[in-house]
Amino acid sequence: MINSNDTLLLNNIIPFSQGTFTLGGSNPTFASFRHADSILSRSGINNPVTINIRNGKYTEQPVLKNVRGTSAVNVITYRGEANNANSDTLSFNATLPAAVYTIKLDSALYMQFKNITFQSLGTNYFREVEMVNKTAFITFDSCVFTATNGNSNNSLYHIESNGTSADTSFTITNTIFKNGGGGIKARLASSLIKNNKFIGLNGGSGLFIIDAINGLGDASRLTIDNNISTSVQTCGFLYFGVCYSFATSTIGGINIGGFTSLPLQNLVISNNSLYLGNGRGINVQMQSSEGSPTRIFNNMVAYTSQGSAALRID
């Protein structure tokens, strides 16, 4: 053996991440969302990870990707340390049409976001969360999604899929969507959307689920339950400070459509309250043959003007 050439040198080796960390504030583990993603992407995890976000406003545009070692047990949780979404805000002013988001989930798996406000500051581009490349097993709970009033591009949604693959196993609960275009536009399968409020939307629908199966067979199990949606109400005729008629809004409530590959299966729409202008309340597009029942019950649709259809099934 020649001692001068039998040495192996490894640099930048870091152990698996596990346990509880802090983001932002004084002496944090991670200075930003990008910093957290950079470290976790290099280290991987071998146990659950919780990242407590210190009170404050974080202005950045992170892209979170899959982290090695995540699973149904080893989940990465980003949570507001004060358990109040108003105390922790991730915001960004997107100005490029190719990057209209505040945060992007790119093939991310097994992540939870709790008690965080996601804010878009732009007037032309204002998508808070963008999902690409089969993002799955994601939870948003007790969060707030908000956009600037008076946005000029009403076709954008707060949470939106940007691709052709289905994003599976999402749980979106106890969350508020305010202002901006629409609420959620995604290819969701095996997902739960429950106890959310969609307030003051001025474009699209509260929920627009496109092609929830996309080749996934009866894994399409999608439940939309106990959500409240209210569209923007503007005055059409104002006289001496009194509004005598309201302008007609075409914002829809729940739109399930575009099923081109396999029959829609195991869909439940229940206990939702939709307050609309004249858009469709609940609109479901299905193929002629369905493998499992679609259940729509105990929903309420109210209009400020003549509605186009409270319930439509094609």
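**A tour of the aromatic pairs**

Begin by selecting Phe-137, which is partly exposed because its relative accessible area is 37%, the classes being buried under 20%, exposed over 50% and partly exposed in between, with a 1.4 Å probe and protein chains only. The model is a predicted one, in which local features need pLDDT of at least 70 and side-chain atom pairs count only at pLDDT 80 or more, while totals for chains, interfaces and linings use all residues. Residues are numbered from 1 along each chain as its sequence is written, and side-chain values use heavy atoms, with hydrogens and water left out.

Rings of Phe, Tyr and Trp (its six-membered ring) pair if their centres lie within 6.5 Å, and planes under 30 degrees apart count as stacked, over 60 as edge-to-face and the rest as tilted; by this rule there are 13 aromatic pairs. Select next Phe-33 and Tyr-58, whose ring centres are 6.1 Å apart with planes at 85 degrees, so this pair is edge-to-face. It links distant parts of the chain, 25 residues apart, with Phe-33 in helix H1 (residues 33-43) and Tyr-58 in strand E3 (residues 56-59), where helices (H or I, at least four residues) and strands (E, at least two) are DSSP runs numbered from the N terminus. Phe-33 is buried at 1% relative accessible area, and Tyr-58 is buried at 10%.

Tyr-110 is buried, with a relative accessible area of 17%.

Finally, select the aromatic cluster whose members include Phe-33, Tyr-58, Tyr-78 and Phe-198.
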